[in-house]
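The sequence and the structure are shown below for reference.

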Amino acid sequence: MAQRLSPLMSVMQNAAMKASKRLLRDFNEVEQLQVSIKGPSDFVSQADLRAEAAIREELVRARPGFAMIMEESGASGSDNWAWRWVVDPLDGTTNFLHGMPHWAVSIALQKRLPDGSAELTAGMIYNPAANEMFWAEKGAGAWLNDRRLRVSARRDITEAVFATGIPFAAVSDRNRLHFARTLGALMPQVAGIRRFGAAALDLAWVAAGRFDGYWELGVKQWDCAAGLLMVREAGGFATDPAGRDHQALETECDVVACNTGLHGKLREIVAAGL
């Protein structure tokens with residue numbers, strides 16, 4: 001039986017679907033888009049900006065009192081927010097601009113707790129090109145469209161396929177060195193390592209059992225927020241290399257997300273690389 005959407009999840013999915021209609025049109029005419037460069041190999045297109053504006057409009061209309069943090073426009077709303085949206089209007093911009101149909105809209109929701117901390121309560125990641133809507137709510141499981149998700153059951157690392165984000169020009173020298181150490185230690189032990197270029201979808205695919213695990217250093221909060229909750233709700237672990245939770249969502253997160261049988265091993269290898 002399909003899980004019934006809560007009012008908040010309906011708001012999130014409606015906002016993503018509204019933005020995705022324009023994103024798909026832009027994707028089919030990608031050669032006509034204007035593109036600017038935020039940093040080395042770090043692009044922003046008209047498509048990102050239009051999608052973010054559409055999402056903002058829909059979220060503000062539905063929940064005007066919620067704060068936001070969005071990839072392109074930054075933070076808005078009260079510093080003492082009770083609820084906060086965390087939005088990436090287009091994760092996988094480089095894929096998008098190269099005509100590769102592996103990109104997504106990611107929206108997560110945080111709730112402020114009485115002690116001042118925060119928790120992730122809902123997240124959705126939508127790949128319009130494949131019409132795959134991954135979503136999760138705290139305590140209600142993780143789903144792909146109307147199908148319940150579970151992380152993979154593999155326990156032998158020699159059978160595992162992991163995802164990661166290979167450093168590019170904008171990545172710090174520190175993270176490039178740490179990645180090289182981790183990759184060198186992990187490659188001889190596993191069945192495969194993939195780099196598909198969209199962190200949100202990497203995490204969604206861990207939740208779906210397509211990947212056995214994922215690691216990356218310096219992931220932006222809007223890239224990973226929805227996916228962290230999704231992996232947990234699918235029965236996996238999503239922490240930093242030291243095993244700490246990411247509920248507070250630092251500006252950048254070092255992420256190790258995996259099924260229960262392999263998380264400890266992957267985390268040890270990533271921690272050793274650091």
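Which residues of H4 are buried? They are Asn 175, His 178, Phe 179, Thr 182, Leu 183 and Leu 186. Viewed along the axis of H4, these buried residues fall within an arc of 135°, so they line one face of the helix. The model discussed here is predicted.

## Helix H4 and its surroundings

Helix H4 covers residues 173–186 and comprises 14 residues. From its first C-alpha to its last it reaches 20 Å, close to the 20 Å expected at 1.5 Å a residue. An α-helix has 3.6 residues a turn, so residues three or four places apart point the same way.

## The pairing of H4 with H7

Two packed helices are described by the angle between their axes and the distance between the axes. For H4 and H7, the axes come within 8 Å and cross at roughly 135°. That angle makes H4 oblique to H7, and H4 passes H7 in a right-handed crossing. On the H4 side the contact is made by His 178, Arg 181, Thr 182, Ala 185 and Leu 186; on the H7 side it is made by Leu 266, Ile 269, Val 270 and Gly 273.

Which residues of H7 are buried? They are His 263, Leu 266, Ile 269, Val 270 and Gly 273. Seen down the axis of H7, they fall within an arc of 135°, so they line one face of this helix. Glu 268 and Ala 272, on the other side of H7, are exposed. The buried residues of H7 pack against H4 and against strands S11, S13, S14 (237–239) and S15 (252–258).

Helix H2 has 17 residues, and the distance from its first C-alpha to its last is 25 Å, close to the 24 Å expected at 1.5 Å a residue. Its buried residues are Ala 47, Asp 48, Ala 51, Glu 52, Ala 54, Ile 55, Glu 58 and Leu 59. Down the axis of H2, these residues fall within an arc of 165°, so they line one face of the helix. The face of H2 turned away from this buried side carries the exposed residues Glu 57 and Arg 61.

How do H1 and H2 lie relative to each other, roughly parallel or roughly antiparallel? The axes of H1 (residues 7–28) and H2 (residues 46–62) come within 9 Å and cross at roughly 155°; H1 and H2 are therefore roughly antiparallel to each other. H1 passes H2 in a right-handed crossing. From H1, the residues that meet H2 are Val 11, Asn 14, Ala 15, Lys 18, Ala 19, Arg 22, Leu 23 and Asp 26. Their counterparts in H2 are Ala 47, Arg 50, Ala 51, Ala 54, Ile 55, Glu 57, Glu 58, Leu 59 and Ala 62.

Met 68 lies in strand S3 (residues 67–70) and, at 2% relative accessibility, counts as buried. Leaving aside neighbours within four places in sequence, Met 68 is in contact with Arg 56, Leu 59, Val 60, Gly 74, Ala 75, Ser 76, Arg 84 and Trp 85. Val 206 is 138 residues away from Met 68 along the chain, and the C-alpha atoms of the two are separated by 26 Å.

Asn 127 belongs to strand S7 (residues 118–127). Its relative accessibility is 3%, so Asn 127 counts as buried. With neighbours within four places in sequence left aside, the contacts of Asn 127 are Pro 101, Trp 103, Ala 104, Glu 132 and Leu 201. Between Asn 127 and Leu 49 there are 78 residues of separation in sequence and 17 Å in space, C-alpha to C-alpha.

## Asparagines with positive phi

Asn 131 has a positive phi of about 55° although it is not a glycine. This residue lies in the loop between S7 and strand S8 (132–137). At 48% relative accessibility, Asn 131 counts as partly exposed.

Asn 145, likewise not a glycine, has a positive phi of about 55°. Where is Asn 145 found? Its position is in the loop between strand S9 (141–144) and strand S10 (147–148). Asn 145 has 37% relative accessibility and therefore counts as partly exposed.

Notes:
Residues are numbered from 1 along each chain as its sequence is written. This is a predicted model: local features need pLDDT of at least 70, side-chain atom pairs count only at pLDDT 80 or more; totals for chains, interfaces and linings use all residues. Side-chain values use heavy atoms; hydrogens and water are left out. Helices (H or I, at least four residues) and strands (E, at least two) are DSSP runs, numbered from the N terminus. The expected span of a helix is 1.5 Å times one less than its number of residues. Buried means under 20% relative accessible area, exposed over 50%, partly exposed in between (1.4 Å probe, protein chains only). The arc is that of the directions from the helix axis to the C-beta atoms. Axes are lines fitted to C-alpha atoms, for helices over the stretch in contact, and angles run from 0 to 180 degrees between N-to-C directions. Angles under 35 degrees count as roughly parallel, over 145 as roughly antiparallel, 65 to 115 as roughly perpendicular and the rest as oblique. A crossing is left-handed if the near helix is turned anticlockwise from the far one by less than a right angle, and right-handed if clockwise. Contact means heavy atoms within 4.5 Å.
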